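Me: I have a structure to go through. I will ask how we know what we say about it.

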Amino acid sequence: MQISHCKEALSDVWGRFNNSIIVRGEGSYIFDDQGNQFLDFTSGIGVTATGHCHPQIVGAVKAQASQLLFGQMNCMLPEVTLRYATALRAKTPSSIETFFFSNSGAEAVEGAIKLARMATGRPNVIAFEGGFHGRTAMTMALTSSKKVYREGFQPLPAGVFFSPFPNSFYYGWSREETVRFCLAQLERLLQTQSSADETAAFIIEPVLGEGGFVPAPAEFLLGLREICDRTGVLLIVDEIQSGFGRSGEMWAHEHCGISPDILTMAKGIASGLPMSAIGASHELMSRWVPGAHGGTYGGGSAISMAAALATLEVIEDEQLIENARVIGSKLKQHLEAIVPKYSGTADVRGHGLMVGVELISDGKPDKQTAIRIQADCLKSKLLLLICGTGGNVLRWLPPLNVSEQEIDIACKIFESAIEGRVG
Ligand SMILES: Cc1ncc(COP(=O)(O)O)c(C=O)c1O
């Protein structure tokens, strides 16, 4: 049987913009079964942050595989997990001292909400409009980036309230006006729907990911921190997409000078192996009684731990955070020079190598052009994702070790696509 016929054995639930059959990846490139080479600027939605098959990650995985594949956390203490937790501790803000490991981003968010509820004894959670936190029941309830993530599954778990995210491009206001409005709406929500005494946590992405690559202004996150300090509501910062150097800082919230009470991490954490983490202070974690959270694979696999440890080393050795900052700012400059060729209005934004280009035509999200540009880029062998509530934001997520030359190649392809020159 031809391998392409085997697609029938896959569920249709995966939305997919590229059906090429990929047999190999190396650095910023993937290779299909027909011998084609693609520049992968999706990084598996931000997962393969050190590029495909980085030799140091592959080496660490191979070495760990011959030592211990899996060490169940209720039954033993795998050495590699202890080493990783200590290494991660050195990279997190001082408010984050201790970790629970799991396998996916949604699992980490689910656990973070359980921790916040048990630690505070309060039932509710406030999330922000346009946020994406996962696809399990509770994380769907926290997600409002697009209706497709909720439609057909409601009613979802209760106790979730939404407040506006400070997206000044969406509101068409200045940054100051937007922040003032959003903080006032949040205070109003606390006065009208879920009082601080009933609110366990706020959960926010420091840069909206799926919702359109919108960085939260520092003043807003500082405002959230102030409310949390005053009321005892916990601040959960979801860095599942923006963490591990993606934003040009180790954590995107560092752009704003705040400290989270709970930090959720995944994606770039282990360069492609399934893994996620929840971080909090010792004091907070100790309010989570033993057995209240866990799971057979809660703790992740030893192989993922080894990959995560090697990922931290690669980030450090190859100065990938600096690269994300420097190359990311060049990428933004390129894009700013290209977007005037689009007939509508385009907003280029983001931190580091998490850059979005939002397209607006006649005052409305221009989804059709975004889809056409994505398809034209694919014809020219460049993979780019789309995000945003209106499906009109082209999102740039190259690996953190992408070269300037690869950025130049991608931008030339993007320019041709914007100009409609791809045949
Ligand atoms: C900010 C954020 N939180 C949570 C998730 C859910 O992670 P996962 O898809 O690994 O469950 C994602 C995934 O895109 C994300 O971007």
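Me: Which strands does helix α7 lie across, and at what angle to β6 does it run?

Reply: This is a predicted model. In it, α7 (residues 175-192) lies across β5, β6 and β7. Its angle to β6 is about 150°.

Me: What makes β5 and β7 a pair?

Reply: Pairing needs at least two bridges between the strands. β5 (residues 124-128) and β7 (residues 199-204) have four bridges, in the parallel sense. So they count as a pair. Within this pairing, isoleucine 126 stands opposite phenylalanine 202 of β7.

Me: In what order do the seven strands of the open sheet come?

Reply: The order is β4-β12-β11-β10-β7-β5-β6, with mixed pairing. From one strand to the next, the twist averages 20°.

Me: How do you know what span to expect for helix α10?

Reply: Take 1.5 Å times one less than the number of residues. α10 (residues 302-317) has 16 residues, and 22 Å is expected. From first C-alpha to last, α10 reaches 22 Å, close to that value.

Me: Why is α10 called mostly covered?

Reply: A residue is buried if 20 or more other C-beta atoms lie within 10 Å of its own. Twelve of the 16 residues in α10 are buried, so the helix is mostly covered. Among them are Ala302, Met305, Leu309 and Ile315.

Me: What covers the buried residues of α10?

Reply: The cover includes α2 (55-65), α3 (79-89) and α11 (320-338).

Key:
Residues are numbered from 1 along each chain as its sequence is written. This is a predicted model: local features need pLDDT of at least 70, side-chain atom pairs count only at pLDDT 80 or more; totals for chains, interfaces and linings use all residues. Helices (H or I, at least four residues) and strands (E, at least two) are DSSP runs, numbered from the N terminus. Two residues are in contact if their C-beta atoms, placed from the backbone, lie within 7 Å. Axes are lines fitted to C-alpha atoms, for helices over the stretch in contact, and angles run from 0 to 180 degrees between N-to-C directions.
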